[in-house]
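Please look over the sequence and the model shown here before reading on. The paragraphs after it are meant to be read with the structure open.

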Amino acid sequence: LVHLDQMISNFADLGIIILMMIAGLECNFKEVTKHLKAASIIAVGGVVLPLTAFWCLGMALQQTTQEAILWGVIFSATSVSITVAVLQEMGKLKTTAGAIILGAAVVDDVISIILLSAFSSIYTSKSTNLLVIIGLQLIYVALVYVMFKWLVPEIIKIVIHFQSLSLTITVGLLICFGMAELAELCHLSSVLGAFVAGVSLARTPVKRDISKQIEILGSSFLIPFFFVSIGLELKLITNWHGVLIVVLMTIIAVLTKWIGCGVGAKLCQIDFKDANVIGIGMISRGEMALIVAQVAISSHLLSSELYSEIILVIILTTVISPILLKYVLVKW
C-alpha cells in the first residue's frame, strides 16, 4: 500500500535530524565530566572491538572494504534509552555503574557520529580536493566552538526577552537545521550538525521548553517517517543463509560491546560486578545504529544486499540487552 518515495525520504531525513537534536538536548554533560576518564576509556573499548570484528566479518563475507568498515561504524553505536529504563526500575540508575553507562554512551555516540562523518567525507567527496575538505571541516570545528561558547547563549538571551515560546522553538529549529546544513556543506554528516545544535541548546536556560516541544513535534510527525522508511527498506529473510548471518552478527554484536566495554571498565579499576553491568548496559544499539544505517543507505554508502539482516541484528541487540541486564542485576 505504501512505497518509499521522495516525499517519505525527505520527511525521514528531517526525522533523523530532529531525533539527533533530541539526543543532543538529552546529553547530561555533568555526568560525562564527572566520570570523563572512565567513560572515555570504556567508550573507546566499545568502539574499537566492534569496528575491528565487523570489518573482519565483512571481509570474510566478501564485502567491499567500504561496506566492511561501515558495518563496524554501525555496530559501534550505542543506545541506552532502554538500559536507563531498566536501571531506573531496579533503583540502580544513580549508582557508579549507572552514571558511567550514561557518560560512556554519550562519548560513544559522539565517536560514532564523528566516524560516520569522516567516512562520508572520504567516500562521497572523491572529486573534491582533500585539503579543501580538511580546511572546511576545521572551519566547522571552529564554528562549533564559537557556537558553544558565545553564539547560541547570546542568541537565546535575546530570545528570552520576548517571552514567546513559539519564537524560542522556531529559533531552536533554525539553529538545528542551520548547523545540519553547514555540516553537509563542509562534507560532514547532517546528523553531526543536529547533534551539536542540541548539545549547544542543552546548555541554555530554555533547554526544557525546547526539548519538550521538539519531542512533541518529532514523535507526532517527523520521527515516525524515519522508522517507516526503515521498515519499507526491509525484506523478509526467507533463507538459511540470511538466518545464519543474523545469528553470527548478533553474537558478534553482543560480545564485542560486552567484552570491549567490560575490559575498558576493568582497566579503570572498576570491580567485576559493575564492569559486567556496564558491558551489558552498552550492548543495545537502538536508534543510534538505525540512524547510522539509514544515513549510510540513503547516501549510497551501503548496498541494500544485507540491509534487512543488519536492521534485524540492531533490533535483537536492543531486545537482548535489557533481558541480560535485568538477569545480572537480580542475580547479584
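This is a predicted model: local features need pLDDT of at least 70, side-chain atom pairs count only at pLDDT 80 or more; totals for chains, interfaces and linings use all residues.

Residues are numbered from 1 along each chain as its sequence is written, and side-chain values use heavy atoms, with hydrogens and water left out.

Side chains of opposite charge can pair when their charged atoms come close. The structure holds 2 salt bridges, a salt bridge being a side-chain nitrogen of Lys or Arg within 4 Å of a carboxyl oxygen of Asp or Glu. In one of them D108 pairs with K257, with 2.6 Å between the closest N and O atoms. Because D108 belongs to helix α6 (residues 96-124) and K257 to helix α11 (residues 240-267), the pair ties together parts that are 149 residues apart in sequence; helices here are DSSP runs of H or I with at least four residues, numbered from the N terminus. Both D108 and K257 are buried, where buried means under 20% relative accessible area, exposed over 50%, and partly exposed in between (1.4 Å probe, protein chains only). K157 forms a salt bridge with E154, the closest N and O atoms being 3.5 Å apart, and these two residues, 3 apart in helix α7 (residues 130-161), are separated by about one helical turn. E154 is partly exposed, at a relative accessible area of 41%.

Helix α11, which carries K257, has 28 residues and reaches 40 Å from its first C-alpha to its last, close to the 40 Å expected at 1.5 Å a residue, the expected span being 1.5 Å times one less than the number of residues. Just after α11, Q269 takes a positive phi of about 65°. Most residues other than glycine have a negative phi. Q269 is found in the loop between α11 and α12 (272-281) and counts as exposed at 75% relative accessibility.

Finally, about 770 Å³ of space lies in the largest pocket, a volume being the space filled by probe spheres set on grid points joined across faces, edges and corners. A pocket is, on a 1 Å grid over the protein atoms alone, an open set of points where a 1.4 Å probe fits, with protein on both sides within 12 Å along at least five of seven lines, and lining residues have an atom within 4 Å of a point. The lining of the largest pocket takes its largest share, 6 residues, from α6.
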